[in-house]
Amino acid sequence: MLSARLKPLWPPLLTGVAFIGLWYLAREIIAPERKFMLPSPHAVWIAFGEHHEALLSASFNTVIGALVGFFAATLIASLLAITLSLSGLIRAALYPYLMMLQMMPIIVISPILVLWVGAGLPSVATITFLISFFPLVVNTTQGLISTDRKLVELFTMYRADRWQELRYLRIPAALPYFFTGLRIAGVLAPIGAIVGDFSAGNSAGNGGGLGFLALIYSARFKMDALFATVLSGCALGFLFAGAIALISRLSLSHWHESYEKVDR
Amino acid sequence: MKSPSLIFISLVFALFHFAGCQRSELATTDQATSLTKVQLQLDWFPEPAHGGFFQAAEKGYYAEVGLEVEIIPGGPGGRPIPKVAAGQVAFSMGRSDDIMLAVQEGLPVLIVAALMQHDPQAILLHASHPVNKLADLDGHAIMAYPGSAWIPYLKKHYGIEIDLLPMSYGLARFVADPELIQACFVTDEPFRLEQQGTAVKTLLLSDSGYDPYRVIVAHGPFVAENPAVVRAFVAASLRGWADYINGDPAPAHERIGRENDHMTPAQMEFSHSEMIRRRFITGDLQEGESLGSLDPQRLDGHAALLLEVGVLSAPLPRERYVTFEFLPHSP
Amino acid sequence: MEPSPPFVRLQALRKKFGADSLVIDGIDLTVAPGEFVAVIGPSGCGKSTLLKMIAGLSPVSSGQLSIAGQSPDALDSELAYVFQEPTLLPWLNVSANVELPLRLRGIPAESRAKTVTRCLAQVRLREKATAFPRQLSGGQQMRVSLARALSLSPRLLLLDEPFGALDEMTRNHLNEELLRLREEAGWTAFFVTHSVAEAVFLANRIVIMSANPGRIAHLVEIEIPYPRRPETREDPSFQQRVAHVTQLLRSVESKAA
């Protein structure tokens with residue numbers, strides 16, 4: 001019974017163990033004076049313990065920054081996607097500017113951002129917003145305009161007006177695309193929050209996320225704590241991705257083909 | 001999610017790449033000139049704070065001791081200490097507190113001589129800013145490099161709270177925000193801002209009692225294996241510094257001007273004279289300070305301070321981070 | 001002379017795609033209420049296009065098209081169209097799919113629920129009311145599609161090869177069910193198909209079209225009385241008619257070749 005549920009865990013577990021083995025092996029190969037660059041797994045583990053308060057507090061701040069930006073991005077991207085789906089003319093008019101915005105390197109504009117919106121949460125949330133926004137807009141718009149033509153004809157048959165078509169057909173049909181965008185954005189959001197910290201972080205009142213912490217550990221040459229910080233960031237990414245996978249499953253599994261069980 | 005594995009795998013691959021490099025690569029012989037080639041990593045873009053090295057290079061002092069020194073410019077985001085620790089370059093520079101922190105974490109670096117007797121770091125404010133002394137910084141935000149050891153020191157020494165903003169490159173933010181306070185080099189940013197028409201004032205960090213050396217550092221194992229090269233390098237560098245301070249700095253300034261587009265002759269002249277006026281390089285003769293010298297007791301005192309503030313987690317024996325064998329004999 | 005005024009009238013109907021492509025060239029047809037008209041012909045003869053024009057889904061290039069005296073655009077729930085695929089919304093369950101046309105017309109929830117129950121009962125799928133389309137077989141999905149088409153009680157049902165993807169047995173069952181539904185409700189039907197046997201079983205009139213461009217080549221009356229039972233297929237006269245229509249169809253195909 002229990003072993004059946006644990007069975008799918010074996011492959012990643014084994015890889016994880018092999019990976020840690022490789023890690024130790026790598027340490028053996030490196031010249032002694034370079035060992036500081038790659039702390040051992042147990043040193044990182046100890047660093048987790050030593051700095052867990054700072055890491056938790058920083059993770060929390062990063063999550064807040066990421067969530068605020070992410071929600072804002074989801075909301076605005078959805079509205080924009082609906083607008084874009086309304087006509088090819090609107091798309092032609094707006095897409096080039098969207099592309100331009102997307103191409104702008106976040107790292108370069110973040111100091112300017114700090115000047116405009118202020119350091120700390122506003123900047124971090126804005127950077128997260130910018131990073132999450134585009135995959136959401138692009139994917140959702142694609143979903144809204146890719147509706148099965150037969151279904152569109154069906155709605156024409158029923159003399160449905162534009163808004164009925166949107167509400168009852170295009171939007172539900174676009175959900176799988178939306179969730180694809182959400183998945184991508186959900187992984188990028190914590191990264192955005194952490195990177196945002198590098199230029200916009202703020203240590204006021206227990207502020208400062210994982211990026212800020214990384215700067216400190218880096219300046220103090222604490223590689224083990226730095227690795228722990230990086231791993232915490234990864235854990236956050238997992239958290240976001242997991243939450244979105246769950247929501248996606250709840251919304252789609254009862255009907256979408258991607259959730260069909262395949263017999264092998 | 002693929003990214004964590006990807007980060008680690010690429011890290012491991014990068015390290016495998018480094019693994020095989022031999023230390024002896026740090027000093028190679030130029031076949032044409034039969035000089036020993038070594039590298040000096042600067043901690044920023046070429047500027048008067050590196051003047052002595054350029055002076056030594058331009059006036060042939062390195063060649064005279066059988067060295068060919070490649071001076072590698074630094075910049076924002078550059079991390080010279082880990083580079084030295086990893087054995088990628090033989091020499092660089094830094095602050096003595098940073099070196100102590102690095103050694104504590106197991107980085108194999110060693111202080112071989114002093115570069116400046118006193119630290120030119122200061123707090124930069126607009127002239128109109130209400131804060132006039134360091135203690136007044138309580139409750140304010142300062143833009144500085146997070147993790148700098150002087151920050152917890154200031155907090156503890158004056159019993160104040162300071163909010164930290166990460167340092168961003170360039171003065172745009174400072175100019176735009178009359179309330180912004182940031183860290184600076186007293187020989188550098190104030191002049192540039194005054195030239196731009198922004199009135200500023202500075203608070204020297206060393207006035208608080210926090211006054212590390214600026215030092216020349218070397219890759220630890222390299223020092224053990226090539227003491228002659230290190231000795232030659234230190235001697236020629238200090239000779240270059242002496243000439244830069246006491247003689248005509250033109251050779252160094254010409255080279256700096258070539259390598260750094262943003263450096264103006266006026267800026268260089270200001271930095272140069274500020275360094276002399278405030279005796280950063282040579283220090284106070286009456287205190288027993290001289291170009292390149294390191295006072296063991298002063299180093300001990302500084303280490304104790306860092307221990308007290310909690311930046312150092314345990315007492316650090318001197319021999320782990322400094323060697324006095326290459327210092328010039330006392331005058 | 002038809003005993004009742006024409007329900008569907010096509011006069012000199014033409015359809016052009018773009019400048020050069022004349023798909024349908026001059027169709028004249030009059031259909032009385034309650035008739036079951038099957039349309040067959042070689043591939044590309046424009047039978048689906050014809051159906052779409054009657055449905056109002058494809059604009060008429062020239063000619064007259066009237067249903068109960070009006071153009072298709074003016075009509076609403078009088079027309080229902082059944083596609084080749086079930087075209088069910090996969091994220092809605094069977095009930096929700098059937099009630100969709102009612103929802104779009106703003107019919108209140110209570111009467112919607114009643115209608116849905118009635119329609120599902122008609123196609124004998126009441127027990128699947130909460131199932132999702134992907135849990136149903138092809139034949140079941142098609143029946144849901146029919147139930148949906150009938151939910152607004154249309155007077156004219158347009159079906160475009162609805163059973164083409166199904167196996168013969170299911171198809172035969174669905175044919176019988178279709179006729180039974182028509183008995184109950186009395187709608188008129190246009191039914192496009194590739195299968196001659198299906199056409200002969202279902203229709204009282206068969207339109208055989210020729211291709212390039214599409215025209216009516218033959219009109220065949222099928223005078224087998226309704227209601228038609230499964231046994232009808234065994235009847236020699238039935239099989240004769242199938243042979244006859246098949247021959248006509250072949251001659252149309254060979255002319256085109």
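Begin with the two domains of chain B: 18 residues of domain 1 of chain B are in contact with 14 residues of domain 2 of chain B, where contact means that the C-beta atoms of two residues, placed from the backbone, lie within 7 Å. The model is a predicted one, in which local features need pLDDT of at least 70, side-chain atom pairs count only at pLDDT 80 or more, and totals for chains, interfaces and linings use all residues. Residues are numbered from 1 along each chain as its sequence is written, while chains are lettered from A and ligands numbered from 1 in the order in which they are written.

**Chain B: two domains**

Select 24-119 + 212-321 of chain B for domain 1 and 121-208 for domain 2; such bounds come from an automatic or database domain assignment. The C-alpha centres of these two domains lie 25 Å apart. On the side of domain 1 of chain B that touches domain 2 of chain B, α5, α12 (265-277) and α13 (296-309) each supply at least two residues. Helices (H or I, at least four residues) and strands (E, at least two) are DSSP runs, numbered from the N terminus. The most residues on this side, five, come from α12(B). By class, the side has ten nonpolar, four polar and four charged residues; Ala, Val, Leu, Ile, Met, Phe, Trp, Tyr, Cys and Pro count as nonpolar, Asp, Glu, Lys and Arg as charged, and the others, Gly among them, as polar.

**The nonpolar cores**

Next, select Val109(B), Val112(B), Val215(B), Val217(B) and Ala218(B), which touch the most other members of the largest nonpolar core, a set of 150 residues. Domain 1 and domain 2 of chain B both contribute residues to this core, so it lies between them. A nonpolar core is a set of buried Ala, Val, Leu, Ile, Met, Phe, Trp, Tyr and Cys residues joined through C-beta atoms within 7 Å. A residue is buried if 20 or more other C-beta atoms lie within 10 Å of its own, exposed if 12 or fewer, and partly exposed in between, with C-beta atoms placed from the backbone.

Centre the view on Val109(B). Apart from neighbours within four places in sequence, the contacts of Val109(B) include Ile81(B), Val84(B), Ala85(B), Ile99(B), Val217(B) and His219(B). A second, separate core of 79 residues has Leu65(C), Leu102(C), Val123(C) and Leu157(C) among its members.

Now display chain A, whose secondary structure consists of eleven helices and zero strands. Of its 264 residues, 41% count as buried, and its C-alpha atoms fill a box of roughly 75 × 55 × 30 Å along the principal axes. Select residues 10-29 of chain A, helix α2: its 20 residues reach 29 Å from first C-alpha to last, close to the 28 Å expected at 1.5 Å a residue, the expected span being 1.5 Å times one less than the number of residues. The number of buried residues in α2(A) is zero, so this helix lies largely in the open.

Chains B and C share no contact, and their closest C-alpha atoms lie 28 Å apart.

**Chain C: a covered strand**

Finally, select residues 36-40 of chain C, strand β3, in which five of the five residues are buried. Phe36(C), Ala38(C) and Ile40(C) point one way from this strand, and Val37(C) and Val39(C) point the other way. Strand β3(C) pairs in the parallel sense with β7 (residues 188-192) over four bridges, and Phe36(C) has Ala189(C) as its bridge partner there. Four bridges also join β3(C) to β8 (residues 205-210) of chain C, again in parallel, with Val37(C) opposite Arg205(C). Two strands count as paired if DSSP finds at least two bridges between them.
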